[in-house]
Amino acid sequence: MTNEQKAILEKFGFRIEGEQVKHLKLGIVRNKQEFVCHATSEELQDYIKSILRNQCQWKRGESE
């Protein structure tokens with residue numbers, strides 16, 4: 001994982017712990033390999049945004 005990828009993940013509130021990427025506030029835990037495979041920083045940001053959007057929609061549906 002590059003420093004740029006790490007910076008993007010941290011910008012969105014994720015932390016890297018070993019082979020896992022975690023967002024503690026939202027309870028997201030993913031394998032680091034899911035994030036490494038994106039060719040550009042834009043692709044990575046789009047992927048992260050989709051994860052966050054899906055998690056927020058899921059949590060909203062759970063509370064209704």
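Biologist: Where does histidine 38 sit?
Modeller: Histidine 38 is in the loop between α2 (33–36) and α3 (41–63). Helices here are DSSP runs of H or I with at least four residues, strands are E runs of at least two, and both are numbered from the N terminus. This is a predicted model, where local features need pLDDT of at least 70, side-chain atom pairs count only at pLDDT 80 or more, and totals for chains, interfaces and linings use all residues. Residues are numbered from 1 along each chain as its sequence is written, and side-chain values use heavy atoms, with hydrogens and water left out.

Biologist: OK, is histidine 38 buried or exposed?
Modeller: Histidine 38 counts as buried because its relative accessibility is 18%; buried means under 20% relative accessible area, exposed over 50%, partly exposed in between (1.4 Å probe, protein chains only).

Biologist: And what is histidine 38 in contact with, leaving aside neighbours within four places in sequence?
Modeller: Gln5, Glu43, Leu44 and Tyr47. Contact means heavy atoms within 4.5 Å. Also, a polar atom of the histidine 38 side chain lies 3.2 Å from the backbone oxygen of glutamate 34.

Biologist: Switching topic: which residues make up the largest nonpolar core?
Modeller: There are 12 residues in all, among them Leu9, Phe14, Phe35, Leu44 and Ile48. α3 gives the largest share, 4 residues. Such a core is a set of buried Ala, Val, Leu, Ile, Met, Phe, Trp, Tyr and Cys residues joined through side-chain atoms within 4.5 Å.

Biologist: What does leucine 9 touch, not counting residues up to four places away?
Modeller: Met1, Phe14, Ile16, Val21, Phe35 and Ile48.

Biologist: And what pattern does the protein follow along the sequence?
Modeller: α-β-β-β-α-α, so 3 helices and 3 strands.

Note on methods:
A polar contact is a pair of N or O atoms within 3.5 Å; within protein, one must be able to donate a hydrogen and the other to accept it, and residues adjacent in sequence count only if both atoms are side-chain atoms.
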